[in-house]
Amino acid sequence: MTGLCTGRVAVVTGAGRGLGRAHALALAAEGARVVVNDLGVGPDGDGGSTGPAQQVVEEIRARGGEAVAHGGDIASAEGAASLVATALDTFGRLDTLVNNAGFLRDRMLVNLTEDDWDAVVRVHLRGHFLPLRHAAAHWRAEAKAGREPVARVVNTSSGAGLSGSVGQAGYSAAKAGILGLTLVAAAELGRYGVQINAIAPAARTRMTEETFAETMAAPEDGGFDAMAPENVSPLVVWLSSASCVGVTGRVFEAEAGRITVMEGWRPGPTARKEARWTPTEAGEAALGLLAEAGTPQPVYGAR
């Protein structure tokens with residue numbers, strides 16, 4: 001390891017398993033002291049246990065690193081505040097926030113209940129907003145006191161947020177919302193020394209290994225495990241480090257050995273008229289533009 005994050009303190013939410021665990025271990029391996037947040041809930045958000053977070057802490061310590069567990073609900077104001085406070089009280093600083101926590105409650109739209117919608121949007125979107133808000137308040141105060149931070153935030157979206165996903169209206173909406181939050185936060189917080197980016201990972205986690213069992217399975221021949229969550233973590237570590245300079249408001253897809261910069265909504269074919277369109281004219285113009293435009297991305301299954 002290169003010590004890319006030596007001296008930095010990183011908070012990782014949802015770090016008890018899957019991608020979050022991989023990120024926490026990778027950050028610690030590069031020298032970061034890590035706050036490992038996890039509620040220990042099931043794949044649908046039910047239940048809870050401090051065990052998964054503490055187990056990751058013990059793994060980091062066994063490898064010579066420093067870590068502390070945090071079991072608070074980061075989608076609550078109290079939990080998000082205590083998350084930031086844990087980093088400051090334990091390690092004396094906060095440099096990186098990796099927002100990763102989430103779960104699924106998949107339903108087709110006509111069967112999706114309000115409770116399922118609210119629960120998924122809460123953990124993904126509110127669970128990004130509140131930790132970011134509390135971390136940002138700390139970094140702004142530091143900057144105003146003349147101690148401008150070299151702060152980094154990595155948010156977690158999804159292919160579902162980029163292109164939609166059948167059976168995942170709440171999840172797709174929340175993950176798309178995270179992209180909007182990333183863009184706004186990057187624009188607002190750059191003046192305080194904060195860079196904010198998002199990833200859209202594809203990996204084997206509890207949310208994907210059952211739905212896409214064949215695609216997500218580890219190879220039996222011992223070859224490259226393309227869907228291992230550890231494949232995503234190197235990009236997260238770099239985005240979390242002081243070596244990542246001048247990169248903010250960007251979205252990256254990451255899976256296996258592939259990293260892609262996502263370019264988002266851009267103007268495509270355009271029709272103009274020096275007067276108001278009639279509905280029929282607008283329809284004819286729209287059809288003509290669609291014929292010129294590229295084919296949309298496929299609507300994903302769960303990712």
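**Exercise 1: α1 and α8**

Task: in this predicted model, describe how helix α1 (residues 18–29) packs on helix α8 (residues 233–240), given that their axes come within 9 Å and cross at roughly 55 degrees.

Solution. 

Step 1. Classify the angle. Angles under 35 degrees count as roughly parallel and 65 to 115 as roughly perpendicular. The crossing of roughly 55 degrees therefore makes α1 oblique to α8.

Step 2. Assign the handedness. The crossing of α1 with α8 is right-handed.

Step 3. List the contacts. From α1 come L19, A22, H23, A26 and L27, and from α8 come S233, V236, V237 and S240.

Step 4. Sort the contact residues by class. The contact of α1 with α8 has six nonpolar residues, three polar ones and no charged ones.

**Exercise 2: α4 and α6**

Task: what are the orientation, the handedness and the contact residues of the pair α4 and α6?

Solution. 

Step 1. Take the geometry. Helix α4 spans residues 114–144 and helix α6 residues 169–189; their axes come within 8 Å and cross at roughly 15 degrees.

Step 2. Classify the angle. Because angles under 35 degrees count as roughly parallel, α4 and α6 are roughly parallel to each other.

Step 3. Assign the handedness. α4 and α6 form a right-handed crossing.

Step 4. List the contacts. Residues W117, V120, V121, H124, L125, H128, F129, L132 and A136 of α4 meet A169, G170, Y171, A173, A174, K175, G177, I178, L181, A185 and L189 of α6.

Step 5. Sort the contact residues by class. The contact of α4 with α6 has 15 nonpolar residues, four polar and one charged.

Methods: Residues numbered from 1 in each chain as written. Predicted model: local features only at pLDDT ≥ 70, side-chain atom pairs only at ≥ 80, totals over all residues. Heavy atoms only, no water. Axes fitted to C-alpha atoms, helices over the stretch in contact; angles between N-to-C directions. Helix = DSSP H or I, 4+ residues; strand = E, 2+ residues; numbered from the N terminus. Parallel < 35°, antiparallel > 145°, perpendicular 65-115°, else oblique. Left-handed = near helix turned anticlockwise from the far one by under 90°. Contact = heavy atoms within 4.5 Å. Nonpolar A, V, L, I, M, F, W, Y, C, P; charged D, E, K, R; others polar.
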